[in-house]
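Student: I have a new model open and I'd like to learn how to read it. Could you walk me through it?

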Amino acid sequence: MDIKGMKNYLYWLYCQFELITCSYLMEPWEKLLFYTFNIAMLVMVLYTAYIFVPVPVSTAFQFFLHLFGNQHENTVSIVK
């Protein structure tokens, strides 16, 4: 893919974003506040997901492994 095509595509995406959010009607200082708020909210959501989501997912994964009969790796069976 060429650079000019990628640049045009990203500009098209940006225009679509401005049309959907109606931010093309805002003044520059309003756009700055709007984008800053949206980026801050996105960062907080991603950080919260990074901190709080892995533990429940790990617990659910272990539950389903136990439910389907798989043994933990630290379980040792002795066969003579």
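This is a predicted model: local features need pLDDT of at least 70, side-chain atom pairs count only at pLDDT 80 or more; totals for chains, interfaces and linings use all residues.

Student: How many helices and strands does the protein chain have?

Tutor: Three helices and zero strands. Read from the N terminus on, the order is α-α-α.

Student: How do I check the length of a helix, say α1?

Tutor: The expected span is 1.5 Å times one less than the number of residues. The 19 residues of α1 should span 27 Å, and its end C-alpha atoms are 27 Å apart, so the two agree. For α2, 25 residues reach 36 Å from first C-alpha to last, close to the 36 Å expected. α3 has 14 residues and reaches 20 Å, close to its expected 20 Å. Just after α3 there's another positive phi, about 90°, at Gly69.

Student: What share of the 80 residues is buried?

Tutor: Buried means under 20% relative accessible area, exposed means over 50%, and partly exposed is in between, using a 1.4 Å probe and protein chains only. Buried residues make up 5% of the 80 residues in the protein chain. α2 is hardly covered, with two buried residues among its 25.

Student: Back in the loop between α1 and α2, is Ser23 buried or exposed?

Tutor: Ser23, which is found in that loop, is buried, because its relative accessible area is 0%. Cys22 counts as partly exposed, because its value is 38%.

Student: Which residues does Ser23 touch?

Tutor: A contact means heavy atoms within 4.5 Å. Not counting residues up to four places away in sequence, Ser23 touches Glu18, Lys31, Phe34 and Tyr35.

Student: How are α1 and α2 arranged relative to each other?

Tutor: Axes are lines fitted to C-alpha atoms, for helices over the stretch in contact, and angles run from 0 to 180 degrees between N-to-C directions. Under 35 degrees counts as roughly parallel, over 145 as roughly antiparallel, 65 to 115 as roughly perpendicular and the rest as oblique. α1 and α2 pack at about 95°, with their axes 14 Å apart, so they are roughly perpendicular to each other. Here Tyr14, Phe17, Glu18 and Thr21 of α1 meet Lys31, Phe34 and Tyr35 of α2. Those contact residues divide into four nonpolar, one polar and two charged. Nonpolar covers Ala, Val, Leu, Ile, Met, Phe, Trp, Tyr, Cys and Pro, charged covers Asp, Glu, Lys and Arg, and the others, Gly among them, are polar.

Student: And at what angle do α2 and α3 pack?

Tutor: About 40°, with the axes 5 Å apart, where α3 covers residues 54-67. They are therefore oblique to each other. Ala49, Tyr50, Ile51 and Phe52 of α2 make the contact with Pro54, Val55 and Pro56 of α3. This contact has seven nonpolar residues, no polar and no charged.

Student: How many aromatic pairs does the structure hold?

Tutor: Rings of Phe, Tyr and Trp (its six-membered ring) pair if their centres lie within 6.5 Å; planes under 30 degrees apart are stacked, over 60 edge-to-face, and the rest tilted. The structure holds five such pairs. One of them is Tyr9 with Trp12, stacked at 6.0 Å centre to centre and 25° between the planes. Both lie in helix α1, three residues apart, about one turn of the helix. Tyr9 is partly exposed, at 45% relative accessible area, and Trp12 is partly exposed, at 45%. Phe64 and Phe68 are also stacked, because their ring centres are 6.5 Å apart and their planes are at 20°. Phe64 is partly exposed at 42%, whereas Phe68 is exposed at 66%.

Conventions: Residues are numbered from 1 along each chain as its sequence is written. Side-chain values use heavy atoms; hydrogens and water are left out. Helices (H or I, at least four residues) and strands (E, at least two) are DSSP runs, numbered from the N terminus.
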